[in-house]
Amino acid sequence: SRGLRCVDFGALHGVSESLEPVTNYLEQLNVGFFGLNSGQTDLIDQLEELAHRFQRLFVVTLAAQGSVALGAAKRLHCEAVTVDRVVDTTGAGDTFIAGFLSEYAYTGDVSTSLQRGSDAAARSVRRVGAFDSPLVPWDDSDTDDP
């Protein structure tokens, strides 16, 4: 298809020596997302090498350490937006991806897209849940369970 094909690989839990989960999808994707930590330098370096070899864009979120884009001539780093009080990190990575892609799909500008993703994630961690919505108690009176 002509659309932008993206995969969220998450934190690559259980991946040690082989990046097989990533290499299995390289031919079918344009952008890969990873939620890692800044101490995983070897894994980040391996991802960067793959991104260069297959001419793909990989975006690694690093929580409070920001994010990096891999695959261009040089790594692009974006600082995390400072948040006074983190309430809930649920969905912060997915919100980052949505913010990133909402910019990248239109402009192709990786640096601006990283900042947009960071801004979106910062807004999401300031509240309970991934997006603004009223918290409504579950109405269990409609269930068939005894």
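In the predicted model, S67 lies in strand β4, which covers residues 67-70. The residue is buried, with a relative accessible area of 1%, and, when residues up to four places away in sequence are left aside, S67 touches V60, T61, L62, L76, H77, C78, F96 and L114. Among these partners, F96 belongs to the residues with which helix α3 contacts helix α4, and L114 belongs to those of α4.

Helix α3 comprises 16 residues and reaches 23 Å from its first C-alpha to its last, which is close to the 22 Å expected at 1.5 Å a residue. Its buried residues are A92, T95, F96, I97, G99, F100, E103 and Y104, and the elements that cover them include β1 (6-8), β2 (31-35), β3 (57-61), β4 and α4. An α-helix has 3.6 residues a turn, so residues three or four places apart point the same way. After α3 comes G108, with a positive phi near 70°.

Two packed helices are described by the angle between their axes and the distance between the axes. For α3 (residues 92-107) and α4 (residues 110-124), the axes come within 7 Å and cross at roughly 145°, and the crossing in which α3 passes α4 is right-handed. On the α3 side the contact is made by A92, T95, F96, G99, F100, S102, E103, Y104 and T107, while α4 contributes V110, T112, S113, L114, R116, G117, S118, A120, A121 and S124. Taken by class, the residues of this contact divide into 8 nonpolar, 9 polar and 2 charged.

Note on methods
Residues numbered from 1 in each chain as written. Predicted model: local features only at pLDDT ≥ 70, side-chain atom pairs only at ≥ 80, totals over all residues. Heavy atoms only, no water. Axes fitted to C-alpha atoms, helices over the stretch in contact; angles between N-to-C directions. Helix = DSSP H or I, 4+ residues; strand = E, 2+ residues; numbered from the N terminus. Left-handed = near helix turned anticlockwise from the far one by under 90°. Contact = heavy atoms within 4.5 Å. Nonpolar A, V, L, I, M, F, W, Y, C, P; charged D, E, K, R; others polar. Buried < 20%, exposed > 50% of the residue type's maximum accessible area, 1.4 Å probe, protein only. Expected span 1.5 Å × (residues − 1).
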